[in-house]
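These are my notebook entries on what I looked up in one structure, kept in the order in which I went through them.

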Amino acid sequence: MDYLWSQRHRSNNLMGMVINIHNGDWVRRESGVGAGIDSYYEYVLKTYVLLGDDTYLNRFNKHYEAVKRYISQGPLLVDVLMHKPTSAAKNFMDALLAFWPGLQVLVGDIGPAVETHEMLYQIIQRHNFLPEAFTTDFRVHWGQHPLRPEFLESTYFLYKATSDPYYLQVGKKVLENLEQHARVPCGFAAIKDIKRGTHEDQMDSYVLAETFKYLFLLFSEKEDVLLEIDDFIFTTEAHILPLTLSVGNYSWKTNAKVKTDIYKFDMMSVAEMAKAVDDEDVINFVDLDEERGICHNYHVTHTEGPSYPHKLRHQLRDLVDKTHPQLKSDQPRLKASDFVASNKEHLELLHHMGIRLATMQDGRIQLLHTASEALSQAYAEAGLEFMQEMISISQTQQLESHHEPMYIRLLSEPFNGDIIYRAGPAQFGYDLTKSPPVQGYLALAKPLKGCSDLENGDDIKGKIIIVERGDCMFVDKARNLQKKGALGGIVIDQAQGSSSELVSLFAMSGDGTNNVIIPMVFLFWKQGQDLLETMQRYPDVLIELSSKEGMLNI
């Protein structure tokens, strides 16, 4: 213990995660309260309780202040870099930190204990169990749950400190989830994936030694427990050590005393409160419920009242759901046929379902689904259905659009309709296969991408406008052209070297709406550059957009 203390970061009193037992150097310099360091903090405080040596209490208080300053972020406990504590070490928290509220109860810092415990319980309510790791925005990072005891440990000690029946309901919920989701014929199986509810062929010994022990103690009456449990202290593995073993510390035999001005002690450590006692003006702040063996926290009995935990929890109500709302069972699922890429609400729903949009090298949009990135199992399943529908729609559209290409014919002198470019069709707008050809003079959009309000509206009206591919959807370019009165549009590929001689033509996709009424066609880069050069040489060239092929193809 002394050596570990000497290895703390001297300027901030933070500890690392893993130390080399051969040379004493830190292997992992992340600092938190979860896996790798949790037991150390617990034993520093409990060593003081058993030995009565203020050295350990002073050490714990310094560590505790460092945790509150650098690691605590409201109810969250986020790992930081030991040597740079203002920088987060990772964006997720692990399940072992669930012991921390219980330790805070022992310290007497009931407020943050209630808040962190409530945050963890909201995660459990969403997923049935506390995932082995979860992100700071409450997504599942590691989906395992080996039936760990730490959350129940904190639940038990919060109930001991507050006698709030809410914590009995929390324990009941955990017990029901164990029975419903973890019970197997030969015992209780660890959860392999909390989203899918699959099991591991495993039940760790701590399930009996700790998880069920804390459940039993939470619900037991005083006569159910053979020992006077308040005469013992729990180790980190839930073994009990009698306080009679303590050396030079007999505070467990008498009620602790503090001044009537309770608020004066809110920022003090346990040792500082004890030293600040004035024998001439004291009250007993420990309210021991002999019948139930409950030792109330002084905030609950004197400063804030019995409703103190409820007030704190009320401030955090729906914290997890507000950060990432769950798909309600009565909420209609977004169907692929209804999806509009320009609809922000639709894009947000895709994000909730674990679907992200990626732009391919040729400018096309690709949908990628990762179930583990969905907000919940329900959202993940909705995302899978959406992707299956989208694949079906895409296959249907490919079959429908695999017909003849569109054509751009140069009509005016000196071409006289002899020069024709093969162009890709659009799945939206004016249907050249069912309607007459469209003729008009050419003009360039400004800006050329055509993704924002066009600056040269007078030059566009009544003409067929050339725009460059990229930065927005094809259908958005069409809308901007239509808004300025264009007769039609030609989209030219921005990928240098692309040609209809090398790449098959494709149909430009829409977004599911039908508010475009002008024709749009697509040219690859090589054919597009040829058309641009022709336009520079013959500014008044007249062209025709048609579904009919001419005599000469380029």
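I began with D318, which I found in the loop between α11 (308-315) and α12 (319-323), where helices (H or I, at least four residues) and strands (E, at least two) are DSSP runs numbered from the N terminus. The phi of D318 is near 60°, a positive value in a residue other than glycine. D318 counts as partly exposed because its relative accessibility is 42%, buried meaning under 20% relative accessible area, exposed over 50% and partly exposed in between (1.4 Å probe, protein chains only).

I noted that this is a predicted model, in which local features need pLDDT of at least 70 and side-chain atom pairs count only at pLDDT 80 or more, while totals for chains, interfaces and linings use all residues. Residues are numbered from 1 along each chain as its sequence is written, and side-chain values use heavy atoms, with hydrogens and water left out.

I then looked up L147, which also has a positive phi, about 60°, although it is not a glycine. L147 lies in the loop between β10 (140-142) and α6 (150-162), and it counts as buried because its relative accessibility is 1%.

Next I turned to α11, in which Y308, P309, L312 and R313 are buried. They lie on the same side of α11, because they cover an arc of only 130° around the axis, the arc being that of the directions from the helix axis to the C-beta atoms. In general, an α-helix has 3.6 residues a turn, so residues three or four places apart point the same way. R313 also lies over the face of Y166, at 3.7 Å from the ring centre; a charge sits over a ring if NZ of Lys or CZ of Arg is within 6 Å of the ring centre and within 35 degrees of the ring normal. I found the charged end of R59 over the ring of Y56 as well, 5.3 Å from its centre.

Which residues have the most contacts inside the largest nonpolar core? They are Y41 and W100, in a core of 80 residues, a nonpolar core being a set of buried Ala, Val, Leu, Ile, Met, Phe, Trp, Tyr and Cys residues joined through side-chain atoms within 4.5 Å. Not counting residues up to four places away in sequence, Y41 touches M15, S31, G32, V33, F60, H63, V67, W100 and L103, contact meaning heavy atoms within 4.5 Å. A second, separate core has 36 residues, among them A341, I460, F506 and F524. Y41 and W100 also belong to a cluster that ring pairs link together, with Y40, F60, Y64 and F99.

I searched the whole structure for aromatic pairs and found 22. F188 and F212 form an edge-to-face pair, because their ring centres are 5.2 Å apart and their planes stand at 70°; rings of Phe, Tyr and Trp (its six-membered ring) pair if their centres lie within 6.5 Å, and planes under 30 degrees apart count as stacked, over 60 as edge-to-face and the rest as tilted. The pair links distant parts of the chain, with F188 in strand β12 (residues 187-188) and F212 in helix α8 (residues 206-219), 24 residues apart. F188 is buried, with a relative accessible area of 11%, whereas F212 counts as partly exposed at 22% relative accessibility.

F506 and F524 form another edge-to-face aromatic pair, 6.3 Å centre to centre with 70° between the planes. Here F506 is in the loop between β27 (488-492) and β28 (520-523), and F524 is in the loop between β28 and α17 (525-537), 18 residues apart. F506 is buried, with a relative accessible area of 17%, and F524 counts as buried at 4% relative accessibility.

I looked up N514 too, which lies in the loop between β27 and β28 and counts as exposed at 73% relative accessibility. N514 and F428 are 86 residues apart in sequence, yet 6.8 Å apart in space, C-alpha to C-alpha.

My last entry concerns cis peptide bonds. The peptide bond from E413 to P414 is cis, with omega near 0°, and P414 is found in the loop between β23 (406-410) and β24 (419-423). K446 and P447 are also joined by a cis peptide bond, with omega about 5°, and P447 lies in the loop between β25 (438-444) and α15 (457-460).
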